[in-house]
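Colleague: I've got this model open and I'd like to learn how to read it. Can you walk me through it, one feature at a time?

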Amino acid sequence: MIEVFDEILKVPEKWDNIFSESSYLSKNILSILEHSNPCSQSYVIINDRSAFVVYKLVLDIFSYSKLKLNLKVNIIGVPCSVAKSGYKVHEDDIQEMVDYIKKEKGSYIILNSDDSFLSEQLITGETLPTCKLNINWDSIEDYKKDLRSHYRYRLNSAMKKSRDLKVRKLECNSNFNEELYALYEEVYEKSDYKLEKLTIDFFRDIPSEIYVFYIEDKAAAFVQMGSINNELNFIFGGLNYSLNHKYDLYMNMLIFILSYGIENKYSSIDFGQTAEDTKMKLGAIHQRKYMHIYHPSSIVRYFIGLFIGSLSYKPLQAKFQVFKGE
C-alpha cells in the first residue's frame, strides 16, 4: 500500500516511527523545512515501514563536469542540502519504491544514498562524499599528540592565527541576522556544487547550535552544528573570504568543531561534504555517497547511462597518513 501526502501536517505519526533514528526526517524538522525552504515537498509511505521525501528543484545535472544543463527534477532527499539520505526502505518494499518512481511524471534523482540495491534498476553514479572522523581522544592535546609532525605543524599554525578570534555561541537562533546570513551567502556563491539556497529562516528555526567567530566584535564566520545518535554534525557555515587567509578562518572553523566534538564526548564527527582534502588532513575519512537516476525517456536514460561517469563526482584519490602508526 502506498500513501502520498502533500503536507507534513497530513502525514500520520507512523512516519516518525519509520525515521526514529533520523532527526533530519522527523515531522518536526520537515515542518520547519516546509516553511523555511518550500520546494513542493511530498511524503510517501509504503506498507507502513518504508518512506521517502520528494521535492522539486531545478538542478544542473552536469554539476561535476564542465558542461551545464539545468533541468527540473524530482529529488528524493532531505530538502536542505545535508549529507543524509531522504529515504528508508525495507528490502521487501524496494520494488514498490522503484515502480512508484517509474510511474510518476518527470525525472528522479535519489541523492546521498549509502545503498547499492537500487543500482540494478536505476542508473547509479557518485555524488559528493561526506567526511567522518571517529573520536578516540579525551582532549585536543591528546589528539595533537597522535598527529604526525607535518599535520601537527599545520594545526598549530592555524591555531596561532586564531588568537584574535573570539568565539561566542548565539544564545537564541532567532538572533541569526542579515550580517550572518551574508556570510552563508558568500560561501554559497563560491561553492562549485550548488543545490538550493536556504533562506535566513532555516538558520533561525532549525534546532541547532550556532557559534560565531568575531574579530573586534565584527562577525567574520560562523558554524552551525547538530547531533544525531552521539554523532556531531557540521550542518552549515559562513565566512568572510577576504579574512580567510589572514586568520585561517575555514581551518579554525573545523578545528573548533573538532575540539567541541572531543570535549563533549561525541563518538564521531560528520564534517559534511565539500573541501574533503582539508577535512581528510584532520584525519577524517571520506565516505562515498551515491545518486540513483531515472528519466521517463528510454533515449535519455541511454545517454545518461552512457555518460554517467561525466555526471558523477570524482572523489579525491590522495591518501593522507595523518596519525602516527598509519
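Predicted model: local features only at pLDDT ≥ 70, side-chain atom pairs only at ≥ 80, totals over all residues.

Colleague: What radius of gyration would a compact globule of 326 residues have, and what does the chain have?

Modeller: For 326 residues the rule gives a value near 20 Å, and the chain comes out at 21 Å, so the two agree. Along the principal axes, the C-alpha atoms fill a box of roughly 60 × 40 × 35 Å.

Colleague: What is that chain built from, in terms of helices and strands?

Modeller: Twelve helices and 13 strands. To see how the chain folds back on itself, look at contacts with a separation of 6 or more: 69% of them join residues 24 or more positions apart.

Colleague: And what share of the residues is buried?

Modeller: Buried residues are 52% of the 326. As for the surface, the chain exposes about 15,900 Å², with 49% of that supplied by carbon and sulfur atoms.

Colleague: Which residues is Val-187 in contact with, leaving aside its neighbours within four places in sequence?

Modeller: Gly-237, Gly-238, Leu-239 and Tyr-241. Phe-236 is 49 residues from Val-187 in sequence, yet their C-alpha atoms are 9.5 Å apart in space.

Colleague: What about Asn-229: where is its place?

Modeller: Asn-229 sits in the loop between β10 and β11 (231–239). Phi of Asn-229 is near 50 degrees too, again positive in a residue other than glycine. With a relative accessible area of 60%, Asn-229 is exposed.

Colleague: How do you go looking for empty space?

Modeller: Rolling a probe the size of a water molecule over the atoms shows where empty space is left. Here, a search of the whole structure turns up one cavity of 30 Å³ or more. The largest cavity holds about 40 Å³.

Colleague: Which residues line the largest cavity?

Modeller: Tyr-55, Gly-77, Val-78, Ser-81, Val-82, Lys-84, Leu-111, Asn-112 and Leu-195. By class, that lining has five nonpolar residues, three polar and one charged.

Colleague: And pockets? What is the volume of the second largest pocket?

Modeller: About 480 Å³. Its lining has 22 residues, and those closest to the centre are Glu-21, Ser-22, Ser-85, Tyr-87 and Asp-114. The elements that give two or more residues to this lining are β5 (87–88) and β13 (285–294).

Colleague: How many charged residues are in the lining of the second largest pocket?

Modeller: Nine charged, alongside nine nonpolar and four polar.

Definitions and conventions: Residues numbered from 1 in each chain as written. Heavy atoms only, no water. 1 Å grid on protein atoms, 1.4 Å probe; cavity = no way out; pocket = protein on both sides within 12 Å on 5 of 7 lines; lining within 4 Å. Points joined across faces, edges and corners; volume = space filled by probe spheres on them. Helix = DSSP H or I, 4+ residues; strand = E, 2+ residues; numbered from the N terminus. Nonpolar A, V, L, I, M, F, W, Y, C, P; charged D, E, K, R; others polar. Rg over C-alpha atoms; globule rule 2.2 N^0.38 Å. Buried < 20%, exposed > 50% of the residue type's maximum accessible area, 1.4 Å probe, protein only. Contact = heavy atoms within 4.5 Å. Areas by Shrake-Rupley, 256 points an atom, 1.4 Å probe, with all protein chains shown as cover.
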